[in-house]
Amino acid sequence: MRPIRLALATLAIGAALVAAWPGNWSSTALAQDSTAKAPAPDFAGIDRWFNSRPLSIAGLRGKVVLVEFWTHECINCLHVLPHTKALYDKYAKDGLVVVGVHTPEYDEERDPANVKAAIARYGITWPVAMDNGYQTWNAYGNRFWPALYLVDRDGRVVYSHFGEGNFEETEARVRQLLDKA
């Protein structure tokens, strides 16, 4: 009887891991689906801004905003970075604002000098907010690196994606919000 219980427990754990795998991350409490339009939380508790003066969601009204939670030692974040850069390069002139929210996973990622060096190393030219206290992370109800949130011109979160992939859909949503569809 004991081997059967062990086998069942192992299967249950495996199923839970598959369900939690990054490729299955497609919703959040903030934006459950494409029809949910929750007000975007502001950038709270930011320790430092790079490439910009301090920004606010209210100050970005009228713009389409891509909020990207990342950290400079996250390999998945680094894989998404070229796609974020491509969106920024292609659509910034049309009103897209990208804000990187650097929320550290490890202690060395809390050092502003390390974040500044990573921004230079990866050629990040858009605003980056340093969220060492996880206040913005928590305000968004975020749990993943990387995580993308699209905010419409009225300041509402209308799309989210977690992990790598879905690049075409993300770009299509950006184009739609910019009236470029």
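Tutor: W70 stands opposite H102 in β4. The chain crosses from β3 through α2 to β4, and this β-α-β crossover is right-handed. This is a predicted model, in which local features need pLDDT of at least 70 and side-chain atom pairs count only at pLDDT 80 or more, while totals for chains, interfaces and linings use all residues. Residues are numbered from 1 along each chain as its sequence is written, and side-chain values use heavy atoms, with hydrogens and water left out.

Student: What makes a crossover right-handed?

Tutor: With the strands pointing away from the viewer, the path from the first strand over the helix to the second runs clockwise. The path from β3 through α2 to β4 is right-handed, so it meets that rule.

Student: How do you know that β3 and β4 pair, and in which sense?

Tutor: Two strands pair if DSSP finds at least two bridges between them. β3 and β4 have seven, in the parallel sense, and therefore count as paired. β3 is also joined to β6 (residues 147–151) by five bridges, and these two strands run antiparallel. There, L66 stands opposite L150.

Student: What is counted as a helix or a strand?

Tutor: Both are DSSP runs numbered from the N terminus: helices are H or I of at least four residues, strands are E of at least two. The protein chain has five helices and seven strands.

Student: How much of β3 is covered, and on which faces?

Tutor: Seven of its seven residues are buried, where buried means under 20% relative accessible area, exposed over 50%, and partly exposed in between (1.4 Å probe, protein chains only). V64, L66, E68 and W70 lie on one side of β3, and V65, V67 and F69 on the other. In a regular strand the side chains alternate between the two faces of the sheet.

Student: Why is N132 called buried?

Tutor: Its relative accessible area is 15%, under the 20% limit, so N132 is buried. N132 sits in the loop between β5 (128–130) and α4 (135–139). Leaving aside neighbours within four places in sequence, N132 is in contact (heavy atoms within 4.5 Å) with D47, P104, E109 and R110.

Student: Why is E73 called partly exposed?

Tutor: E73 has 40% relative accessibility, which falls between 20% and 50%, so the middle class applies. E73 is in the loop between β3 and α2. Not counting residues up to four places away in sequence, E73 touches Y106, E108 and E109.

Student: Which class does G141 fall into, and why?

Tutor: G141, in the loop between α4 and β6, has a relative accessible area of 36%, so G141 is partly exposed as well.

Student: How does the span of α2 compare with what is expected?

Tutor: The expected span is 1.5 Å times one less than the number of residues. α2 (residues 75–91) has 17 residues and reaches 25 Å from its first C-alpha to its last, close to the expected 24 Å.

Student: Where does α2 bend?

Tutor: α2 bends by about 35 degrees at L81, and P82 follows within four residues. The bend is the angle between axes fitted to the seven residues ending at a position and the seven starting there.

Student: What do the buried residues of α2 pack against?

Tutor: They pack against β3 (64–70), β4 (96–102) and α5 (167–177). Among them are C77, V80 and L81.
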